[in-house]
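Please open the model in your viewer and keep the sequence panel at hand.

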Amino acid sequence: MLCRLSVRWLRPRPPLQVRVLEPSLARAPAVGASRSALPVWAVASVSAVGPSGAGGWYEALATSAPVQGAEDVLLLAHTASGLPWWGSILLTTVALRGAVTLPLAAYQHYILAKVENLQPEIKNIAQRLNQEVAVHAHQLGWSKRVARLTYLKTMRRLVSELYVRDNCHPFKATVLVWIQLPMWIFMSVALRNFSTGAAHSEGFSVQEQLTTGGVLWFHDLTALDSTWILPVSVGVINLLIVEIFALQKLGKARFQKYVTYFVRAVSVLMIPIAATVPSSIVLYWLCSSFMGLSQSLLLRSPRFRQLCRIPLTKLDSDTPYKDLLAACHSKFISRKSHTS
C-alpha cells in the first residue's frame, strides 16, 4: 500500500492581529531647487509632504536604512575607483549583480532542475495513488467529492515529502526575486536622492557632481534623456530577456502565456517611465537589464551549469545557443515568411 489514507480535521487558526504603527516623524534632508529639465514629480522634495500625507510612505523609503546603505555603496565605489559618476554607477551595478544576483540565479536553476527531475516520480505516484483512492472509494462508498479531496490532500503531502527528501522546495527558487527586486528599488531611490540634491559627499553636493558626471550624449545625469536612447534601450533589453525566457518554455499553459504577456507589457511600459526620471537612474536600469540578459545567457551554458553543480535534466541541450537561434528563427523569421 502506497500510503495510509486518512482525513484529519484542520484546527482553525487564530486571527492575525495587525498593529498599526505610527509613521516616522523623521524629517528628510532638504532638497535644492528643482531643475527645469525634470518634471515636477521627479524632483519634488520628499520632505515636502508630511508623514500624514500621501507622500509619507515614500519619505520613509527615501530616508530608510537600506536606501542610505545603497547611497554609501555608490559613494564608496565612486571614491575608491576614482571613476566619473557614470562609471561608478556601472561598476556598482556589475559588482552587485555579479556578487549577489548571479549566485542566487544559479541556486534558482539548481532548485528548478531538481524539481524537474522529480516529475517522473511524481507522475508515477499520482497514477498509483489514483488507483488506490478509487479502490477505497468503492469499498467505503465515498462520494466523488470526498474521493477527490482525499486524493488531493494525500498527493500534496507526498509531493511535499519528496521536496523535503531532495531539499528542493519550489519556494526556494523565489529567493532571487525577494532579493533582487528590493535591491533594484533601493538603488533607484538612492540615485534619485543624489539627482535631487538630497545627499552630499565630502562637502560637495552629489547633485552638482552628477551634472557633469555623464558621458556621450547624456553629460548631465540629473536631467532627462531627451533623445530617448536610454529609455528605449531599457525596454528593448527587457523584451529580449522575456523572449529568451518564453522560448525555453516548451509548455503552452494558459497561465504561462498570461504571465508572458504581462511581463511584455511591463517592459514596454518601462520606456515612457524611464523617459521621466533622471538619466542616472535610467543608466542604472540599463546596466542592470544588460547584466540580467548576460546572466540569462550564461546560465544556459552547459559548462557553467556544471561548474555550479546544477543537475542535468531531460530538457538540457548540448548546444543551447544554437537551439536558441533556431527557436528565434522559427518563431519570428519563418512565421513572417509564411504570413507574407
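**The annotated spans**

Begin by selecting residues 175-194, 228-246 and 258-275, to which the UniProt record, an unreviewed entry, assigns the feature "transmembrane region". Please bear in mind that the model in view is predicted.

Select residues 228-246 next. This span is 95% helix and 0% strand, and its end C-alpha atoms are 27 Å apart.

**Helix α6**

Now select residues 175-195, which form helix α6. This helix has 21 residues and extends 31 Å from its first C-alpha to its last, close to the 30 Å expected at 1.5 Å a residue. Colour its buried residues, among them Leu176, Met183 and Met187, together with Ser188, Val189, Ala190 and Leu191. Arg192, Asn193, Phe194 and Ser195 are also buried. Beyond the helix, select Gly197, which follows α6 and has a positive phi, near 80 degrees.

Move to helix α10, residues 279-298, and select Ser288 within it. Is Ser288 buried or exposed? Ser288 counts as buried because its relative accessibility is 7%, below the 20% cut-off.

Which residues is Ser288 in contact with, leaving aside its neighbours within four places in sequence? They are Thr93, Arg97 and Trp184. Display the side chains of Ser288 and Arg97 to see the polar contact between them, at 3.3 Å. Finally, select Trp184, another of the residues in contact with Ser288; Trp184 falls within the residue range of helix α6, 175-195.

Terms used
Residues numbered from 1 in each chain as written. Predicted model: local features only at pLDDT ≥ 70, side-chain atom pairs only at ≥ 80, totals over all residues. Heavy atoms only, no water. UniProt positions renumbered as here; feature names shortened; annotations may be inferred. Helix = DSSP H or I, 4+ residues; strand = E, 2+ residues; numbered from the N terminus. Buried < 20%, exposed > 50% of the residue type's maximum accessible area, 1.4 Å probe, protein only. Polar contact = N/O pair within 3.5 Å; in protein donor to acceptor, adjacent residues only side chain to side chain. Contact = heavy atoms within 4.5 Å. Expected span 1.5 Å × (residues − 1).
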